[in-house]
Amino acid sequence: MSKDITIKLSSEMEEFLTEKAKEIQLPIEETIEQLINEQINNKVIFDEGFYYDKQKNALLDKSGKIIQFTKLQNGLFNLLMQNKGKIVDFDVIHKEVWKNKKMSIFTMRNIVKRIRDLTYYGIIVNHSNKGYSLGETF
């Protein structure tokens with residue numbers, strides 16, 4: 001579905017778009033379309049106002065505050081983001097996040113619990129005897 005929209009640009013906005021269009025060598029209309037697509041495709045929206053900003057490579061809450069993860073929490077969350085919509089097997093998590101170093105299933109569960117404590121319960125879904133996946137995204 002395509003829709004034509006008319007907007008009134010301030011002189012600052014027009015100047016910015018003109019410069020940006022010259023920089024990327026596209027007409028202003030295509031520059032605007034590209035900028036909008038970057039913004040729309042740059043975020044993964046989760047429940048309870050959380051969203052992942054691909055440009056910042058970070059999870060943010062509804063007020064725009066970055067959720068501070070530990071190295072392991074960040075590794076697990078990023079692995080799940082890379083495999084959005086899929087179940088990530090425990091062995092893959094062990095290999096990718098822990099780099100095959102010693103790890104117990106209890107440690108992994110604790111990392112998941114800590115991520116849920118910082119965000120909300122449904123952000124990570126457990127699949128018994130299989131692995132984890134990200135919860136519903138929009």
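**View 1. Val 125 and its bridge partner in strand S6.** Val 125 is bridged to Ser 133 of S6. S5 and S6 run antiparallel and are joined by four bridges. Two strands count as paired if DSSP finds at least two bridges between them. Helices (H or I, at least four residues) and strands (E, at least two) are DSSP runs, numbered from the N terminus. This is a predicted model: local features need pLDDT of at least 70, side-chain atom pairs count only at pLDDT 80 or more, and totals for chains, interfaces and linings use all residues. Residues are numbered from 1 along each chain as its sequence is written, and side-chain values use heavy atoms, with hydrogens and water left out.

**View 2. The hairpin of S5 and S6.** Three residues lie between the strands of this hairpin. Asn 129 in the hairpin takes a positive phi near 60 degrees. On S6, Gly 131 and Ser 133 point one way. Tyr 132 and Leu 134 point the other way. All four are buried, that is, under 20% relative accessible area; exposed means over 50%, and partly exposed lies in between (1.4 Å probe, protein chains only).

**View 3. The open sheet S4-S6-S5.** Three strands make up this open sheet, and their pairing is antiparallel. Its edge strands are S4 (88-89) and S5 (124-127), each of which pairs on one side only. S4 and S6 (residues 131-134) run antiparallel and are joined by two bridges. Val 88 has Tyr 132 of S6 as its bridge partner. Strands of a sheet pair through backbone hydrogen bonds, either parallel or antiparallel.

**View 4. Two helices on the sheet.** Helix H3 (residues 71-82) packs on the sheet and touches S4, S5 and S6. The direction of H3 makes about 70 degrees with that of S6. Helix H5 (residues 105-118) also packs on the sheet. H5 touches S5 and S6, and its direction makes about 150 degrees with that of S5. Contact means heavy atoms within 4.5 Å. Axes are lines fitted to C-alpha atoms, for helices over the stretch in contact, and angles run from 0 to 180 degrees between N-to-C directions.

**View 5. The contact of H3 with H5.** The two helices pack at an angle of about 85 degrees, and their axes are 10 Å apart. H3 is therefore roughly perpendicular to H5. Angles of 65 to 115 degrees count as roughly perpendicular, under 35 as roughly parallel, over 145 as roughly antiparallel and the rest as oblique. H3 contributes Leu 72, Gln 73, Leu 76 and Phe 77. H5 contributes Ile 111, Val 112, Arg 114, Ile 115 and Leu 118. Seven of the contact residues are nonpolar, one is polar and one is charged. Ala, Val, Leu, Ile, Met, Phe, Trp, Tyr, Cys and Pro count as nonpolar, Asp, Glu, Lys and Arg as charged, and the others, Gly among them, as polar.

**View 6. Val 112 and its surroundings.** Val 112 sits in helix H5. Its relative accessible area is 1%, so Val 112 is buried. Leaving out residues up to four places away in sequence, Val 112 touches Leu 76, Ile 124 and Tyr 132. Lys 84 is 28 residues from Val 112 along the chain, and their C-alpha atoms are separated by 16 Å.

**View 7. The open sheet S1-S2-S3.** Three strands form this sheet, with antiparallel pairing. S1 (43-45) and S3 (58-60) are the edge strands, each pairing on one side only. Neighbouring strands of the sheet are turned by 25 degrees against each other on average, direction ignored. Strand S2 (residues 51-53) pairs with S3 over three bridges, in the antiparallel sense. Tyr 51 stands opposite Leu 60 in S3.

**View 8. Two loop residues with positive phi.** Asn 57 lies in the loop between S2 and S3. Its phi is near 55 degrees, a positive value in a residue other than glycine. With 43% relative accessibility, Asn 57 counts as partly exposed. Lys 99 lies in the loop between helix H4 (90-97) and H5. Phi of Lys 99 is near 50 degrees, again positive in a residue other than glycine. With 57% relative accessibility, Lys 99 counts as exposed.
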